[in-house]
Amino acid sequence: MPNPNRGACGFQSSEFEQEYERPSKSELKRQMSELQKLGEELVAEARDRVKRVPMPEDVRDAILACQLITNHEGRRRQMQFVGKKMRTLDEEEVAVIQRTIDSWKGMSKADTAALHALERRRDKLLADDKALTVLLEENPELDVQHLRTLIRNARKEQAENKPPKAYREIFQILKDIDKKRKAAAKPAGQDEDEDGEPIDDESDDE
């Protein structure tokens with residue numbers, strides 16, 4: 001005898017509706033992975049930028065806390081917590097964050113390329129003593145002893161997995177040199193301002 005609760009075909013349509021309405025396991029995994037990467041992108045950004053992104057306070061606090069952790073295992077656990085917090089956001093909140101990050105990328109391509117060039121030069125200073133000689137020839141006003149001490153300390157930081165204090169200071173010195181070079185070149189190259197010079201100066205101030 002047919003079950004009165006079922007249709008003529010012998011099953012309730014709602015039995016299959018739930019199956020199709022729920023995201024598949026692979027889709028859920030993909031969404032979780034994307035939110036985790038979005039959280040990692042925010043952690044990699046400057047703190048001032050993160051503070052300006054529209055998002056719930058608890059999510060922002062998790063990201064800012066992660067930025068301060070230097071211990072590898074502690075940072076890994078906090079990054080997982082950031083991912084967990086990101087999964088509490090609704091679609092609109094995620095969309096706002098994504099649009100904000102996309103706008104940063106669009107406005108700072110030239111600046112990003114310049115920063116990467118400085119990072120490569122810093123790494124060369126640590127790997128090759130000749131790179132310091134070249135830097136000093138180009139910038140004789142630099143304090144030789146201070147730079148040598150910073151390079152030695154940065155190498156030690158990397159070897160002993162310590163917080164990158166000297167490593168960051170070297171980058172700041174290189175950044176200051178680059179900023180002065182751009183400022184000195186401006187009067188002769190004002191026609192190039194439209195190609196991004198004002199944008200570079202603005203982003204350097206961040």
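Predicted model: local features only at pLDDT ≥ 70, side-chain atom pairs only at ≥ 80, totals over all residues.

Biologist: What pattern does the protein chain follow along the sequence?

Modeller: Read that way, the pattern is α-α-α-α-α-α-α-α-α-α-α.

Biologist: How much of the protein chain counts as buried?

Modeller: Of its 206 residues, 30% are buried. The accessible surface of the protein chain is about 14600 Å², and carbon and sulfur atoms account for 51% of that.

Biologist: And the contacts, what share join residues at least 24 apart?

Modeller: Counting contacts in the protein chain between residues at least 6 apart in sequence, 54% join residues at least 24 apart.

Biologist: OK, on to helix pairs. At what angle do α4 and α5 pack?

Modeller: Helix α4 covers residues 57–68 and helix α5 covers residues 72–86, and they pack at an angle of about 165° with their axes 9 Å apart. Angles over 145 degrees count as roughly antiparallel, so α4 and α5 are roughly antiparallel to each other.

Biologist: Is that crossing left-handed or right-handed?

Modeller: The crossing of α4 and α5 is left-handed.

Biologist: Which residues meet there?

Modeller: From α4 you have D58, V59, A62, I63, A65, C66 and Q67. On the α5 side they meet R75, Q78, M79, F81, V82, K85 and M86.

Biologist: Next pair, then. How do α8 and α9 pack?

Modeller: Helix α8 (residues 129–138) and helix α9 (residues 144–160) pack at an angle of about 150°, and their axes are 12 Å apart. That makes α8 roughly antiparallel to α9. The crossing in which α8 passes α9 is right-handed.

Biologist: Which residues meet between α8 and α9?

Modeller: D129, L132, L135 and L136 are the ones in α8. Their partners in α9 are V144, L147, R148, I151 and R155.

Biologist: I151 again, then. How far is its C-alpha from that of D123?

Modeller: The two C-alpha atoms are separated by 9.8 Å, with D123 and I151 lying 28 residues apart along the chain. D123 belongs to helix α7, residues 109–127. With a relative accessible area of 37%, D123 is partly exposed.

Biologist: What about N161, where is that?

Modeller: N161 is in the loop between α9 and α10. Its phi is near 55°, a positive value in a residue other than glycine. Most residues other than glycine have a negative phi.

Biologist: Is N161 buried or exposed?

Modeller: Exposed, with a relative accessible area of 61%.

Biologist: Last one: what span should α10 have, going by its residues?

Modeller: Helix α10 has 21 residues (165–185), so at 1.5 Å a residue it should span 30 Å. Its end C-alpha atoms are 31 Å apart, which agrees.

Biologist: Which residues in α10 are buried?

Modeller: The buried ones are A166, Y167, I170, F171, I173, L174, K175, I177, D178 and K182. As background, an α-helix has 3.6 residues a turn, so residues three or four places apart point the same way.

Note on methods:
Residues numbered from 1 in each chain as written. Heavy atoms only, no water. Helix = DSSP H or I, 4+ residues; strand = E, 2+ residues; numbered from the N terminus. Expected span 1.5 Å × (residues − 1). Buried < 20%, exposed > 50% of the residue type's maximum accessible area, 1.4 Å probe, protein only. Contact = heavy atoms within 4.5 Å. Areas by Shrake-Rupley, 256 points an atom, 1.4 Å probe, with all protein chains shown as cover. Axes fitted to C-alpha atoms, helices over the stretch in contact; angles between N-to-C directions. Parallel < 35°, antiparallel > 145°, perpendicular 65-115°, else oblique. Left-handed = near helix turned anticlockwise from the far one by under 90°.
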